[in-house]
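Let's take a walk through this structure together, one part at a time. Have the sequence and the model open as you read.

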Amino acid sequence: MLKIIQRTTLGAFLLLLMPLGVWISNWQWQPGESGNLLRVLFWMTETVTNPWGILTSIILSAWVLWCLRFRLKPAILLILIMNGAILAGQYTKSTIKEQVQEPRPYVIWLEKSHGINGDEFYQLHRQQRGEMVSTLLANDTQLPQWLKNHWAFETGYAFPSGHTMFAASWALLAIGLLWPRRHFATVAVLFVWATAVMGSRLALGMHWPRDLVMATLISWLLVTIATLLAQRFCGPLTIPPEEHREIAQRDDGL
């Protein structure tokens, strides 16, 4: 139990470094700051945005199962635990958003540059908000069309970040479940991906650094519980004897 908490806590600390650094630096988002880099970050965001986030969860679930090589019954239970943690995070995110009702950075920018009223904007239905964003930005030649479309699609509240919660949860699941099996490359790739997703939310004007910080902390709590449940009900997370032999054979081959 202690080792699991230590691993997920270390993972949360690593994920928090970027948003905390941005927060402390007092960086302020402005639209149109970069071109190609912004498009790459948009692609990172799209791996989490519906419906692509569903495909991402399916791929990551399958990969984790392959890495752990559990038998059928514990594997099914593990899928339920992992994706239950992801869904719990999204439900928690939606509940908090409705209570806090923090406007997104791009909405604050629209208030200043296009004279909209933020309170009236969020009183509209989601489809009406999207239509308003599209209408306001129709003649804006500085913003790329894909960013306008993304803003029109993402018109909800900001705090906390659902995209961050999704990506951070998978990264923390990786370090919680796969680190004992020495799947270090998978853990590293998922942490880089999660950090890129988090950075994309800032660069695209969708979130404030505090949104990312809170989302990561919630993910840490949910994933820690999920990993403890997985170890309790799905089987040991440490390397089994047969995998020890495979590792030894690989090392001998090198």
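Is C67 buried or exposed? C67 is buried, with a relative accessible area of 1%; here buried means under 20% relative accessible area, exposed means over 50%, and partly exposed is in between, using a 1.4 Å probe and protein chains only. Before going on, some ground rules: this is a predicted model, where local features need pLDDT of at least 70, side-chain atom pairs count only at pLDDT 80 or more, and totals for chains, interfaces and linings use all residues. Residues are numbered from 1 along each chain as its sequence is written, and side-chain values use heavy atoms, with hydrogens and water left out.

Do look for a disulfide (a pair of cysteine sulfur atoms within 2.5 Å), but a search of the whole structure turns up zero. For C67, the nearest cysteine sulfur is that of C234, 15 Å away, and that is too far for a bond.

Now find helix 2, residues 36-46. Helices (H or I, at least four residues) and strands (E, at least two) are DSSP runs, numbered from the N terminus. L38, L41, F42 and T45 of helix 2 are buried. They cover an arc of only 110° around the axis, so they sit on the same side of helix 2; the arc is that of the directions from the helix axis to the C-beta atoms. An α-helix has 3.6 residues a turn, so residues three or four places apart point the same way. On the face turned away from the buried side, helix 2 carries the exposed residues N36 and L37.

What covers that buried side? Helix 8 (145-153), helix 9 (162-177) and helix 10 (184-203) are among the elements that do. In helix 8 you'll find H150, which is buried at 4% relative accessibility. Leaving aside neighbours within four places in sequence, H150 is in contact (heavy atoms within 4.5 Å) with F42, T45, E46, T49, R201, L204 and M206.

Finally, a wider view. Over residues 77-227, the chain is 77% helix and 0% strand, with the end C-alpha atoms 12 Å apart.
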